[in-house]
Amino acid sequence: MGNPKAFMEINRQEAGYRPIQDRIQDFSEVEQTLNTRERKLQASRCMDCGVPFCHWACPLGNKAPEWNDALFKGDWELAYRLLTSTNPFPEFTGRICPALCEKACVLNLFNHEPTTNRENEAAISETAFREGFVQACTNIKRNGKKVAVVGAGPAGLAAANDLNLLGYQVTVFEKNEAAGGLLRYGIPNFKLNKAVIDRRIRLLEEEGIEFKYGQEIVFDAHCSLYKDYDAVVVSTGTPTARDLKAPGRELKGVYFALELLAQQNRVLAGSEFSKDERITAKGKDVLVIGGGDTGSDCIGTAHRQGCKSVTQIEIMPKPVEGSVDPQNPWPGYPRTLKTTSSHEEGCTRRWNINTIEFLGKDGKLTGVKVQEIDWKPNPEGGRPIMVEKGKPEIIKAELCLLAMGFLKPGHPEYPKNVFVCGDSANGASLVVRAMASGKQIAAKVNDYLGKKA
Ligand SMILES: Cc1cc2nc3c(=O)[nH]c(=O)nc-3n(C[C@H](O)[C@H](O)[C@H](O)COP(=O)(O)OP(=O)(O)OC[C@H]3O[C@@H](n4cnc5c(N)ncnc54)[C@H](O)[C@@H]3O)c2cc1C
Ligand code: SF4
């Protein structure tokens with residue numbers, strides 16, 4: 001900690017987003033960067049707490065006090081080494097992590113101006129790549145054992161990375177045409193430029209990991225991976241989105257959020273779709289059902305596609321505003337109202353709204369019948385009871401996107417050498433949790449194969 005009083009003298013400064021009118025014209029990343037002087041000043045605010053709650057809150061156990069200090073002193077290489085001692089891909093989390101560490105930062109408790117750990121992380125990562133501190137490790141001693149990783153999302157990549165560095169020959173099987181999982185085919189480019197994923201995959205390949213694309217593995221009794229590999233890691237995510245089985249669901253114009261988001265990311269990567277296949281918000285009133293992050297990504301995408309308007313509805317009540325809620329105290333993650341860069345771009349947001357029916361003409365969506373509701377405490381305990389309020393109304397929409405989460409997958413009874421991690425094991429969550437889970441499973445595989453030898 002270079003300046004013990006910095007947290008009192010320097011305010012939190014976020015780099016902020018590009019101006020709205022500029023950023024909605026393209027799919028480039030919305031977030032800007034601070035200059036080096038300002039970035040170091042931000043790093044200096046870290047108090048090097050005796051009990052660093054940032055470290056406690058991060059699923060990867062980040063060492064924010066240590067790398068913030070190195071950053072403040074201008075030792076970017078040391079900062080990168082400290083950062084990657086716990087986080088294999090800080091260039092991903094530096095861009096899209098909701099930063100559990102910042103919510104738990106002692107400065108968040110004290111004056112609601114936590115350290116800017118996530119942005120600091122992104123700055124350290126990009127400097128490390130630019131300055132050549134990130135080099136492929138090509139002298140790994142092989143131990144003669146083979147591991148298959150199924151699914152190339154953040155969980156699978158983190159597991160593959162650790163196992164490869166431990167000396168296993170790792171092959172990653174991925175059903176898509178490229179690696180990244182939801183980093184590539186869920187999260188929009190305006191949050192995460194896909195060149196960032198490509199850069200990391202090239203490094204992993206140089207380090208000896210083999211990627212096989214277009215391989216959808218079926219985990220049944222005939223699955224040859226169980227015998228062909230010493231261990232198998234299953235990191236297949238949560239492929240099934242929650243559906244809304246209201247009348248009219250079959251109308252053209254009603255899609256799962258990921259149908260839009262994945263297709264848009266593929267279009268940006270050069271794929272072509274016929275006019276009939278193409279999902280676009282251009283010139284349309286758009287309704288997003290689901291008030292979470294996936295819904296927010298649909299809003300930003302709809303703006304960039306040239307929609308007429310966007311409305312986002314959520315069946316649950318509006319979360320509290322601000323960050324002090326006695327039911328949800330620091331250092332836990334605050335369940336408060338979140339306004340993203342996509343919301344700032346323009347959106348009507350409504351809560352306590354139930355969807356009744358999709359309405360259409362000639363097979364195409366024209367609107368959605370909804371109704372305001374309320375939640376009453378359940379006298380028997382458990383989930384509150386939904387009660388109707390007011391009259392049904394119609395929200396005009398030619399495109400409706402269902403962003404209501406994902407179902408936790410079931411798994412067959414696997415042989416002993418199969419290990420499940422990431423969202424596939426825990427249900428839909430966050431990139432940082434998927435990566436942490438991938439690392440934990442790599443340690444378990446190593447333990448299992450070590451004992452077997
Ligand atoms: C739209 C959207 C936005 C999000 N935004 C954020 C965000 O900003 N920040 C954040 O932290 N989290 C975000 N998340 C959540 C985050 O993306 C996930 O928690 C994370 O990607 C889970 O990682 P995973 O590796 O477990 O699974 P996934 O990323 O889902 O990867 C699973 C991989 O397995 C492959 N696969 C599946 N079945 C098979 C099979 N049978 N054979 C071969 N391959 C298979 C899939 O093709 C995929 O590549 C978002 C999620 C969505 C949907
Ligand atoms: S809790 Fe905040 S101030 Fe304290 S060590 Fe962590 S990042 Fe620094």
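Alanine 99 is buried, with a relative accessible area of 4%, where buried denotes under 20% relative accessible area, exposed over 50%, and partly exposed the range in between (1.4 Å probe, protein chains only). The structure is a predicted model, in which local features need pLDDT of at least 70 and side-chain atom pairs count only at pLDDT 80 or more, whereas totals for chains, interfaces and linings use all residues. Residues are numbered from 1 along each chain as its sequence is written, chains are lettered from A and ligands numbered from 1 in the order in which they are written, and side-chain values use heavy atoms, with hydrogens and water left out.

Alanine 99 is placed in the loop between helix H7 (90-96) and helix H8 (100-104); helices (H or I, at least four residues) and strands (E, at least two) are DSSP runs, numbered from the N terminus. Although alanine 99 is not a glycine, its phi is positive, at about 60 degrees. A positive phi, near 55 degrees, is also found at asparagine 352, in the loop between strand E8 (348-350) and strand E9 (353-361). Asparagine 352 counts as buried because its relative accessible area is 15%. Most residues other than glycine have a negative phi, and most peptide bonds are trans. The bond from tryptophan 330 to proline 331 is cis, with omega near 5 degrees. Proline 331 belongs to the loop between strand E7 (309-313) and H17.

Ligand 1 is surrounded by 33 residues, of which Ile96, Glu174, Ile217, Asp423 and Val431 are the closest; a residue is near a molecule or strand if one of its heavy atoms lies within 4 Å of it. This shell comprises 15 nonpolar, 12 polar and 6 charged residues. In this division, Ala, Val, Leu, Ile, Met, Phe, Trp, Tyr, Cys and Pro count as nonpolar, Asp, Glu, Lys and Arg as charged, and the others, Gly among them, as polar. Polar contacts are pairs of N or O atoms within 3.5 Å; within protein, one must be able to donate a hydrogen and the other to accept it, and residues adjacent in sequence count only if both atoms are side-chain atoms. An oxygen atom of ligand 1 lies 3.0 Å from a polar side-chain atom of lysine 191. A backbone N or O atom of serine 429 is 3.1 Å from an oxygen atom of the ligand, and a polar backbone atom of isoleucine 217 is 2.9 Å from a ligand nitrogen atom. On its own, ligand 1 has 990 Å² of accessible area, of which the protein covers 94%; such areas come from the Shrake-Rupley method with a 1.4 Å probe, and for residues only the protein chains shown count as cover. Two or more residues of the shell come from each of helix H11 (154-165), strand E2 (169-174), helix H16 (293-305) and helix H19 (431-452).

Aspartate 297 is part of helix H16 and counts as buried because its relative accessibility is 6%. Leaving aside neighbours within four places in sequence, aspartate 297 is in contact (heavy atoms within 4.5 Å) with Ile187, Pro188, Phe190, Lys191 and Leu261. Serine 342, in helix H17 (residues 341-344), is buried at 1% relative accessibility. Beyond four places in sequence, the contacts of serine 342 are Phe190, Ser296, Ile299, Gly300 and His303.

In helix H3 (residues 36-44), the buried residues are Arg39, Gln42, Ala43 and Ser44. Their cover includes helix H1 (6-9), helix H5 (64-72), helix H6 (76-84) and helix H10 (117-131). The N-terminal end of H3 is capped by asparagine 35, a side-chain oxygen of which lies 3.2 Å from the backbone nitrogen of arginine 37. Helix H10 contains isoleucine 124, which is buried at 0% relative accessibility. Leaving aside neighbours within four places in sequence, isoleucine 124 is in contact with Trp67, Leu71, Trp76, Ala79, Tyr80 and Leu83.

The structure holds 0 disulfides, a disulfide being a pair of cysteine sulfur atoms within 2.5 Å. For cysteine 421, the nearest cysteine sulfur is that of cysteine 223, 16 Å away. Cysteine 421 is buried at 1% relative accessibility, and cysteine 223 is buried at 9%. Cysteine 223 occupies the loop between strand E3 (210-213) and helix H14 (225-228).
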